[in-house]
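Dear colleague,

Please read them with the model open beside you.

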Amino acid sequence: DMSLPAPTVRTTCPYCGVGCGVTATVRPGTIPIIAGDAQHAANRGRLCVKGAALGETLDLDGRLLHPMLRESGTLRQAGWNEALERVASGFASVVAEHGPDAVALYVSGQLLTEDYYVANKLMKGFIGSANIDTNSRLCMSSSVAGHKRAFGEDLVPGCYEDFELADMIVLVGSNTAWCHPTLFQRILRAKEARPGLKVVAIDPRRTATCELADLHLAIKPGTDVWLFNGLLSYLARHGGVDGTFVAAHTEGLDAALAIADADCADPAAVARICRVDPAQLLAFYEGFAATAKVVTAYSQGVNQSSSGTDKVNAIINCHLVTGRIGQPGMGPFSLTGQPNAMGGREVGGLANMLAAHMDLDNPVQRDAVREFWDAPRIASRPGLKAVDLFRAVEEGSVKAVWIIATNPVVSLPDADQVRRALDKCELVVVSDIVHGTDTTLHADVLLPALGWGEKDGTVTNSERCISRQRAFLPAPGEARADWWALCEVARRMGFAGFDYAGAHDIFDEHARLSNWRNGEDGAGRRVFDLSGLIGIGQGAYEALEPIQWPVVRGAGGEPVATERLFADRRFAHAGGRARFIPTTPRAPVHAVDGDFPLALNTGRMRDQWHTMTRTGKSPRLSSHSPEPFIDLHPNDALLCGVREGELARVTSRWGAMVARVTHSGGIARGGVFVPIHWSGQTASDARVGALVNPEVDPVSGEPEFKHTPVAVAPF
Ligand code: SF4
């Protein structure tokens, strides 16, 4: 009845880690009307172009609507029962013959927390191997490792409001304007209201973000640790140390400072290494020292590096030495890439974590999870991280892999290696909402998943805010929730503990685990705590308002959120002190040379998301940048013999791709930028992942996406 008001559903955007609230108004037979949710604190009604175009991406073109099985080389439609049997029996027989470490799950920051929870429980708890990793390894794992080293737990101290309360915002390796647009708009408005708010951009590229910056330090790629060690040293020598805070709440300053002083005590020398103007570097150091309310926000330019974890800690060191943490308007802030990278970390989706921020190598915590899940076979040591996992697949030690909601043949470094690995693998299971991706082409079993607007659950954004994603569309074809498929396989493998009444039931178990024997290991209570949401029923879960963890229970039994951590100056390490981490600067693993003279940097475009399976459907979004490109300095183009507008080939030691040459004006001599979104299934095979070197950070396992030596030549 068109006279009735159309129902409006409040949900959360499926793209970036800002986690904007979205409303969808649905009338049968028409495209849902998408708008920003004015009641959601992350965006207060605003959306970026990607979020605003969500309605254009909901058609069923290219959707995977039925399970498919490969037989004699070709895929045929199958029923769920047959497909699930094939997965369960395939996994069970590999485990029986070769042990639990011969199977693996590779999952995604696109998954809802509930899907993620069940995947992790199945693999670590019941199959008995920690070979489950996630594409968050490519994105956030250096921040996770940096947080754990400094704070004792993977904790983001602040909240978005801090950006509005700050007097200085330092954006490091982050094109916030394009990659976290509504947060950038908040910074923009804060600066309009208070022109005294200083913005510093630290990025080898001059991006759209730099237009707002009072100061842009276009550092040489990979030199961030020199820059922040130099700042630490400068602060120590210019009265920037908060001696009371450092003495009472931290440890390890002397060791960190000794390393910083060794190479970086002279700002002029640091400026030379970072290839920036010495006066501008000094202006940054002086501004940082003189401003109490500083937020230092960082993203993939920091994380995606063979020294990513040290970069994170070099930044955090500067906040600890000044005591600028846990108070309004200040703190280090990791900007999460994906919509639910944080939720995945909470349930232990990384191969080196357990669940609820517990650690695999902590026997007390492992015993607590074993008991809670009634899982005697629980994994006892870390599993393979993403890059190593696909190497193990190629080498044959991992014989069956289940890939959920991600496209590693496009997105992993040395992507041709991933293709070879999947070609050789005995059993490749892929759960996705679409078919015909570079990864689904290798599947022996394809399982149709629910997409955004169809699935139900929760996600956690960069400021620890848990929000509901709600369904407002019917499930198309035979598509089902990923958690359901995982539970069905678990049951068929003979495991108990996978009978859930719905997503709310999984969330409740997750909340109970967060409070289970918490604090028993002598290290104090873990900060991650959802005890205020234990016992949430279906009704309360449906109505759940966005809420920042930790969530405890108030005097009246109500859930109480936490805006900022460390206001009490207590950190999660035993003893409650934060730790300075000595960070020895080191160059990217592979240096440019005569054969490969340019340094390739990769990243996002404003209007596309990941491998474009959703945003590629919107003509409006595709018009911003309709094809892949190679962005470099005009002088380098001249030396390579390539011309703007013409096709060129980029080659590295690992692979090659072809795209059109462009000069944005934002690339310094010696650099090349190529966007990450295009795949082998678009007009040209433009998988930049095929070029990217597979070196990883030794602590986090995060790949070095921002620095691969390449050559550019006419096509
Ligand atoms: Fe979605 Fe991020 Fe845009 Fe918000 S800023 S609408 S979460 S893509």
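Is the crossing of α8 and α14 left-handed or right-handed? The crossing of these two helices is left-handed, where a crossing counts as left-handed if the near helix is turned anticlockwise from the far one by less than a right angle, and as right-handed if clockwise.

Before the details, please note that this is a predicted model, in which local features need pLDDT of at least 70 and side-chain atom pairs count only at pLDDT 80 or more, while totals for chains, interfaces and linings use all residues. Residues are numbered from 1 along each chain as its sequence is written.

Helix pairs

Helix α8 (residues 224-237) and helix α14 (residues 308-321) have axes that come within 9 Å and cross at roughly 15°; helices (H or I, at least four residues) and strands (E, at least two) are DSSP runs numbered from the N terminus, and axes are lines fitted to C-alpha atoms, for helices over the stretch in contact, with angles running from 0 to 180 degrees between N-to-C directions. α8 and α14 are therefore roughly parallel to each other, given that angles under 35 degrees count as roughly parallel, over 145 as roughly antiparallel, 65 to 115 as roughly perpendicular and the rest as oblique. Among the residues that make the contact are Phe228, Leu231 and Leu232 of α8 and Ala314, Ile315 and Val321 of α14, two residues being in contact if their C-beta atoms, placed from the backbone, lie within 7 Å. By class, this contact of α8 with α14 has ten nonpolar, two polar and three charged residues, with Ala, Val, Leu, Ile, Met, Phe, Trp, Tyr, Cys and Pro counted as nonpolar, Asp, Glu, Lys and Arg as charged, and the others, Gly among them, as polar.

Helix α17 (residues 386-395) packs on helix α19 (residues 415-424) at an angle of about 45°, with the axes 8 Å apart, and α17 and α19 are therefore oblique to each other. α17 passes α19 in a left-handed crossing, in which Phe390, Val393 and Glu394 of α17 meet Gln417, Val418, Arg420, Ala421 and Lys424 of α19. The contact of α17 with α19 has four nonpolar, one polar and three charged residues.

For helix α11 (residues 267-274) and helix α12 (residues 278-290), the packing angle is about 115° and the axes are 9 Å apart, and α11 passes α12 in a right-handed crossing. Pro267, Ala268, Val270 and Ala271 of α11 make the contact with Pro278, Leu281, Leu282 and Tyr285 of α12, and by class that contact has eight nonpolar, no polar and no charged residues.

Ligand and domains

The ligand is surrounded by 13 residues, the closest being Cys13, Cys16, Cys20, Cys48 and Gly51, where a residue is near a molecule if its C-beta atom, placed from the backbone, lies within 6 Å of it. The elements that give two or more residues to this shell are α1 (49-52) and α7 (181-193), and the shell divides into eight nonpolar, four polar and one charged.

The domain assignment gives domain 1 (8-57), domain 2 (68-136 + 342-501), domain 3 (141-334) and domain 4 (598-714), with bounds that come from an automatic or database domain assignment. Nine residues of domain 1 are in contact with seven residues of domain 3.

Backbone points

A cis peptide bond, with omega about 0°, joins tryptophan 549 and proline 550, and proline 550 sits in the loop between β19 (547-548) and β20 (552-553). Arginine 44, in the loop between β3 (33-36) and α1, has phi near 45°, a positive value in a residue other than glycine.

Best wishes
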